[in-house]
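Subject: Structure handover and what turned up in it

Hi,

Here is the structure I promised to pass on. Could you load it and keep it open while you read my notes below?

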Amino acid sequence: MKFDKPATTNPIDQLKVVGKPLSRVEGLLKVTGTATYAYEQHAAAPNAAYGYVLGAAIPKGRIDSIDIARARAAPGVLAVVTADNAGKLDKGEFYAARALAGPDVDHYHQAVALVVAETFEQARSAAQLIAVRYTRSAGAFDLAAAKDTAPPPKAAKFTPPAETGIGDFASAYAGAAVKLDQYYTTPDQAHAMMEPHASIASWNGDQLTLWTAIQQINWGGRDLAKTLGIAPTKVRLVSPYIGGGFGGKGTILCDAVLAALGARAAKRPVKVALQRPLMFNNVTHRPATIQRLRIGATSTGEIVAIGHESWSGNIAGGRPEAATAPTRLLYAGANRMTRLRLAHLDLAEGSAMRAPGEAPGMMALEIAMDELAEQLKLDPVELRIRNDIQVDPENPGRPYSQRQLVQCLRTGAERFGWQKRPQRPASRRDGRWLVGYGVAAAIRGAPITTSAARVRLDQRGVITVETDMTDIGTGSYTIIAQTAAEMMGVTVEQVVVKLGDSRFPESSGSGGQWGAASSTAGVYAACVKLREAVAKQLGFQADDATFADGQVRWGGRSVPLAYAARTRELVGEDKMEYGELSKQYAQQTFGAHFVEVAVDAATGEVRIRRMLAVCAAGRILNPKTARSQIIGGMTMGAGAALMEHMVVDHKLGFFVNHDLAGYEVPVHADIPHLDAIFLDEVDPTMSPLKAKGVGELGISGAAAAIANAIYNATGVRVRDYPVTLDKLI
Ligand code: MOS
């Protein structure tokens with residue numbers, strides 16, 4: 001099915017099931033520990049041996065030799081995989097990093113060997129007996145030092161343009177009545193999801209099955225086949241439950257590749273989970289940025305020039321962090337300039353982490369707006385409202401499909417009690433605490449992409465949906481069940497959703513907050529096909545038949561849905577594809593964050609007191625799962641504002657704090673009270689469901705709202721994240 005003009009009224013608009021705050025359909029399995037994650041597929045892959053990954057001990061250089069003799073002879077050891085015996089390996093398309101070092105080492109803790117043994121302990125113990133000789137070479141690890149010579153990123157898939165602009169930024173900025181010119185920095189951050197990267201590989205002849213934790217089954221299957229040099233049809237990926245991803249499980253990593261190689265060598269299924277202290281330097285992360293914002297405005301606060309430059313680093317073939325993305329879209333201003341620069345750094349690969357681009361970009365832009373408001377003596381909510389724009393500012397012929405940023409700001413200000421904000425910084429005390437309020441806007445793209453599904457109706461009236469979509473803890477199972485139930489006129493209890501298997505039709509996968517809108521549209525398309533099959537079976541006209549309450553009605557007749565399948569199962573399969581609407585309309589999600597913090601006047605300790613996000617993001621398919629996404633994003637925003645920071649050792653060339661003791665993320669005590677509100681919105685330019693995604697909107701802007709609240713509380717402006725207490729006193 002092709003979606004190429006705005007949606008009209010359709011069966012989803014009944015909203016009998018879609019739009020309801022249903023609890024997660026797989027929730028019971030999750031909370032009772034009976035959902036099988038990748039490492040727990042004991043029944044599917046009995047007799048699996050254990051693999052243990054040894055990481056490189058140098059950040060850059062060559063492996064001169066690897067002596068595996070002692071490890072190979074250790075108790076229980078079945079195989080040792082290294083570059084010497086792995087055969088020729090290619091790499092996938094999405095990540096630049098190689099799964100296995102040798103002879104070159106590209107970054108610290110890149111895998112150099114996999115030991116396979118009968119038990120995990122035997123594999124771990126034998127890994128310590130591997131003797132690796134390295135020749136270390138000089139590497140680059142310091143973004144600030146590499147910044148001034150960093151070139152523009154090369155044009156490539158998933159890489160935004162290095163430079164964009166309209167008008168004449170330089171002269172408009174030079175002539176502006178009020179000017180802001182500041183640098184901001186954001187650190188390297190880790191996804192730090194609960195479930196580590198983990199895979200079980202099993203070969204049956206030349207056919208590989210991999211149970212793994214992955215967001216994109218489609219990318220992963222193709223990347224694994226390409227890496228191993230086998231046909232994609234020889235690879236099956238299975239990933240029914242995933243314990244978080246945040247972009248870190250976009251496609252396959254070394255656990256998957258090495259499990260496959262280990263299983264081939266040991267002639268047995270092999271399971272590999274990356275140990276947490278290896279993950280931080282082995283897998284991908286959100287790269288650090290240095291950003292410069294220049295904004296010129298009239299004395300009444302109309303932006304006349306806005307310029308945003310961002311520097312980040314990566315290994316060869318890696319992409320830049322697109323921190324300028326939000327500035328290209330968020331505010332008015334006739335003269336604009338954005339610029340990305342990409343330094344070569346020999347750290348682990350930087351890649352997508354929740355709201356890549358927007359999350360770090362808004363950390364800078366939204367402090368800059370706060371600073372500009374202060375210079376103008378204007379309320380920061382008012383400054384943002386004054387610079388609202390209803391067309392894409394870089395492409396003035398292109399309107400927003402929906403843009404309720406002003407409504408988000410106004411609603412939030414009212415609900416939060418923004419008028420009680422301390423007018424001067426550092427002016428409100430509550431005992432030993434300094435109290436402040438902060439605001440920031442939120443913007444995040446609403447991409448949508450081809451997604452397919454198959455839907456079956458059996459003689460009991462049960463609807464079974466099959467698609468290789470994943471549920472990374474987001475609620476995919478539930479919103480897909482709601483979509484199929486609405487389309488077929490049944491309750492969610494009558495829908496069985498099967499996800500995460502490459503044998504099912506290819507979905508969008510989970511990423512870029514496109515999963516919810518894309519995967520449900522694919523299910524819609526398949527259900528249209530199934531409705532046609534049902535109508536044909538009953539001798540009805542599909543176009544004006546109605547499906548509701550378990551009945552199909554047409555021409556004055558009404559029969560139970562199950563009756564249509566009484567002699568044989570009926571099947572509908574299709575994919576939703578997209579025309580030009582996303583070129584004709586700027587499709588984005590919007591929000592506004594409001595935060596109250598308290599800062600200890602003596603120690604600088606920051607406590608968040610409350611946070612509110614008001615969001616406008618198309619039709620909300622399930623307010624409960626959507627709220628969880630938003631408050632989860634806000635929690636990650638709190639981490640980004642206050643604690644998350646992988647510290648680079650510029651001499652030794654790695655992230656020093658590489659475990660969950662040293663890499664701090666928020667715990668319950670850090671997050672007191674979060675509220676998320678959704679404005680009414682449907683966006684007919686997106687899909688027949690008129691929905692967008694919300695998985696990445698909640699983090700966008702959240703950290704800056706906290707930083708702005710800290711400034712309001714203390715009068716100390718910190719432009720270097722995270723805002724730790726040492727920077728406040
Ligand atoms: Mo995402 S960070 O595109 O899963």
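Helices (H or I, at least four residues) and strands (E, at least two) are DSSP runs, numbered from the N terminus. For a helix, the expected span is 1.5 Å times one less than its number of residues. On that basis helix α13 (residues 515-538), with 24 residues, reaches 34 Å from its first C-alpha to its last, close to the 34 Å expected. Just after α13, Gly539 has a positive phi of about 75 degrees.

Two notes on the source. This is a predicted model, in which local features need pLDDT of at least 70 and side-chain atom pairs count only at pLDDT 80 or more, while totals for chains, interfaces and linings use all residues. Residues are numbered from 1 along each chain as its sequence is written.

**Around helix α6**

Helix α6 (residues 217-228) reaches 16 Å between its end C-alpha atoms with 12 residues, close to the 16 Å expected. In α6, 11 of the 12 residues are buried, including Trp219, Arg222 and Asp223. Contact means C-beta atoms, placed from the backbone, within 7 Å. The buried residues of α6 pack against β11 (207-212), β12 (235-238) and α7 (254-266). Just after α6, Gly229 takes a positive phi of about 70 degrees.

Strands count as paired if DSSP finds at least two bridges between them. Together, β11, α6 and β12 form a right-handed β-α-β unit (right-handed if, with the strands pointing away from the viewer, the path from the first strand over the helix to the second runs clockwise).

**The five-stranded sheet**

An open sheet of 5 strands with mixed pairing runs in the order β17-β18-β26-β27-β30. β17 (429-430) and β30 (674-678) are its edges; each has a single partner strand, so one side of each is left without a neighbour in the sheet. Strand β18 (residues 433-445) pairs with β26 in the antiparallel sense over 13 bridges, and Gly438 has Val595 in β26 as its bridge partner.

Val597 also sits in β26 (residues 588-600). Val597 counts as buried because 30 C-beta neighbours lie inside 10 Å. Not counting residues up to four places away in sequence, Val597 touches residues including Gly436, Ile608, Ile706 and Ala713. Ala616 is 19 residues from Val597 in sequence, and their C-alpha atoms are 25 Å apart.

**Nonpolar cores**

A nonpolar core here is a set of buried Ala, Val, Leu, Ile, Met, Phe, Trp, Tyr and Cys residues joined through C-beta atoms within 7 Å. The largest has 230 residues, of which Val115, Leu258, Ala484 and Ile706 touch the most other members. Helix α9 (residues 358-376) gives the most to this core, with 11 residues. Apart from it lies another core of 5 residues, among them Phe94, Ala97, Trp219 and Ile315.

Leaving aside neighbours within four places in sequence, Ala484 is in contact with Val455, Ile463, Val465, Val495, Val523 and Cys527.

Happy to talk any of this through.

Best wishes

How values were computed:
Buried ≥ 20, exposed ≤ 12 C-beta atoms within 10 Å, placed from the backbone. Contact = placed C-beta atoms within 7 Å.
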